[in-house]
Amino acid sequence: MTTSDPDRGRRPATDAEARALASTFRLRILRACLGEPHTNKEIAEALGKGPATVLHHVRTLVDTGFLEPQPARRGTRGSREIPYVATGKSWRMESPAKDSAMLSAFLEEVALVPVEALDMMRAGLRLRPERREELSRRFTALVEEYFDDEDPDGEPWSVFLTIHPDPNRR
């Protein structure tokens, strides 16, 4: 959602941050590393890309503060591996994704989930602008409440919410 709530400390993205988040693939890397560190090789395997391609994107996310390297560890055959974890920084800024990157990342991720495992809802509403803004604020507050009180032992779930004009109705 793009609604800014100054009480929640959201801020606009810098140009570099906006460019980093304008990539569907980078958004998927952040999701893969949310709450659990993964090495470049693990990210590449999870997302079906080559390690060199992933490393370029990981470096961009590290340089902009969206990923944080963890202490190096020994991998197979004694190799040195650096795991990365998402910092949650993107959640504390206004969404700079004014293109389709966020939607594309969602569509790629949800396509990997069996349809019977999806909890979906779709509604058509007629709202005045101030009520639509209130709806957006309330959804944001609800999701932030759960985000702020996340259970590290809980199962990983994803929430994607969009409020958009209905092109099917006048």
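The following legends describe close-up views of a predicted model.

In this predicted model, local features need pLDDT of at least 70 and side-chain atom pairs count only at pLDDT 80 or more, whereas totals for chains, interfaces and linings use all residues. Residues are numbered from 1 along each chain as its sequence is written, and side-chain values use heavy atoms, with hydrogens and water left out.

**View 1. Packing of helix 2 against helix 4.** Helix 2 (residues 24-32) and helix 4 (residues 51-63) pack with their axes 10 Å apart and at an angle of about 75 degrees, the axes being lines fitted to C-alpha atoms over the stretch in contact and the angles running from 0 to 180 degrees between N-to-C directions. The two helices are therefore roughly perpendicular to each other (65 to 115 degrees; under 35 counts as roughly parallel, over 145 as roughly antiparallel and the rest as oblique). Helices (H or I, at least four residues) and strands (E, at least two) are DSSP runs, numbered from the N terminus.

**View 2. Residues between helix 2 and helix 4.** From helix 2, Phe-25, Arg-26, Ile-29 and Leu-30 meet Val-54, His-56, His-57, Val-58, Thr-60 and Leu-61 of helix 4, where contact means heavy atoms within 4.5 Å. By class, this contact has six nonpolar, three polar and one charged residues (Ala, Val, Leu, Ile, Met, Phe, Trp, Tyr, Cys and Pro count as nonpolar, Asp, Glu, Lys and Arg as charged, and the others, Gly among them, as polar).

View 3. Strand 2 is joined by three bridges to strand 5 (residues 83-86), and Glu-68 stands opposite Val-85 in strand 5.

**View 4. The aromatic pair of Trp-91 and Phe-147.** A search of the whole structure finds two aromatic pairs, defined by ring centres within 6.5 Å for Phe, Tyr and Trp (its six-membered ring), with planes under 30 degrees apart counted as stacked, over 60 as edge-to-face and the rest as tilted. The rings of Trp-91 and Phe-147 have centres 5.0 Å apart and planes at 35 degrees, so this pair is tilted.

Terms used
Two strands pair if DSSP finds at least two bridges between them.
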